Amino acid sequence: MDGWIKLHRKTLDNPVVCKDADHLAVWMYLLMNATHKEHPAVFAGEKIILQPGQLITGRQKIAEKFSVNESKVQRILKKFEIEHQIEQRTSNNKRLISILSWADYQSSEQQNEQQMNNKRTTDEQPVNTNKNVKNLINISTTTTTEPLQDVWYRLTNKFTMPGNLNGFFSRLKANGYDELFCTELLQEAIESSNNGGVSERLLESISDRWIMEGINSRQESKDRRAKHAESKGRTEEVRSGSNPPASKFAFLNQRSRRSGT
């Protein structure tokens with residue numbers, strides 16, 4: 001398989017992956033053999049489309065590659081699954097493995113490679129057309145976003161994000177919400193939780209509110225809350241304020257009602 005992958009330095013801080021040399025070897029095998037783009041394949045007798053971060057392999061193949069006992073490869077893969085590093089489906093002597101954090105650590109680098117390819121193509125052609133100028137602007141204004149896993153690690157000091165939260169953000173991305181939206185949402189949830197814990201229900205609650213109100217960042221959420229608090233304060237002030245002065249015609253009105261006129 002051609003190409004390259006990104007290997008994050010925090011891999012060395014992952015106690016699951018770095019338990020021993022065999023664990024690390026198997027992890028490297030998964031990273032290096034996962035597809036980086038959609039790819040047709042056959043699994044369990046059915047045609048499927050492999051998604052980025054997925055691969056079809058078998059424990060025997062991995063064992064032969066590193067001269068590791070098959071049973072140990074099986075235990076390692078099961079451990080990776082329990083610790084939410086991967087998801088896997090088995091069929092006969094093959095298994096479909098999905099690396100859960102693939103998008104967080106690989107997507108940005110692959111996009112950068114594509115941008116560099118675009119820039120090389122642009123440099124080789126005349127730069128006096130609108131198309132070339134547009135390409136150069138897109139490259140120069142591209143910004144990078146802190147990976148979701150990095151945000152989780154930085155704010156919780158826990159290396160692995162729970163699988164249900166990973167799944168929640170995967171669904172968000174599948175529905176068109178980008179990495180920046182997800183990282184802002186995660187930080188909002190961590191900051192607003194009472195005990196520092198983040199549940200899927202809390203993420204759903206915040207995301208529903210953001211999407212309904214058109215909010216895309218913590219700053220927008222903060223501004224919206226401040227505006228709401230200010231508006232509520234004005235309302236409470238009116239309700240708790242002194243009674244308006246009585247009309248000078250009040251007595252006349254009361255007398256009129258008593259007399260029936």
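1. In this predicted model, helix 4 gives the largest share of the lining of the largest cavity, namely 3 residues. Helix 4 spans 102–124, and together with helix 1 (21–33) it makes up the set of elements that give two or more residues to that lining.

2. As for the cavity itself, a search of the whole structure turns up 1 cavity of 30 Å³ or more, and the volume of the largest cavity comes to about 240 Å³.

3. Which residues lie nearest the centre of the largest cavity? They are W27, Q85, S101, Y105 and F159, out of the 22 residues that line the cavity. Sorted by class, the lining of this cavity holds 10 nonpolar residues and 10 polar ones, with 2 charged residues besides.

4. Turning to the chain as a whole, its secondary structure amounts to 11 helices and 5 strands, and of its 261 residues 32% are buried, where buried stands for a relative accessible area under 20%.

Terms used:
Residues numbered from 1 in each chain as written. Predicted model: local features only at pLDDT ≥ 70, side-chain atom pairs only at ≥ 80, totals over all residues. Heavy atoms only, no water. Helix = DSSP H or I, 4+ residues; strand = E, 2+ residues; numbered from the N terminus. Buried < 20%, exposed > 50% of the residue type's maximum accessible area, 1.4 Å probe, protein only. 1 Å grid on protein atoms, 1.4 Å probe; cavity = no way out; pocket = protein on both sides within 12 Å on 5 of 7 lines; lining within 4 Å. Points joined across faces, edges and corners; volume = space filled by probe spheres on them. Nonpolar A, V, L, I, M, F, W, Y, C, P; charged D, E, K, R; others polar.
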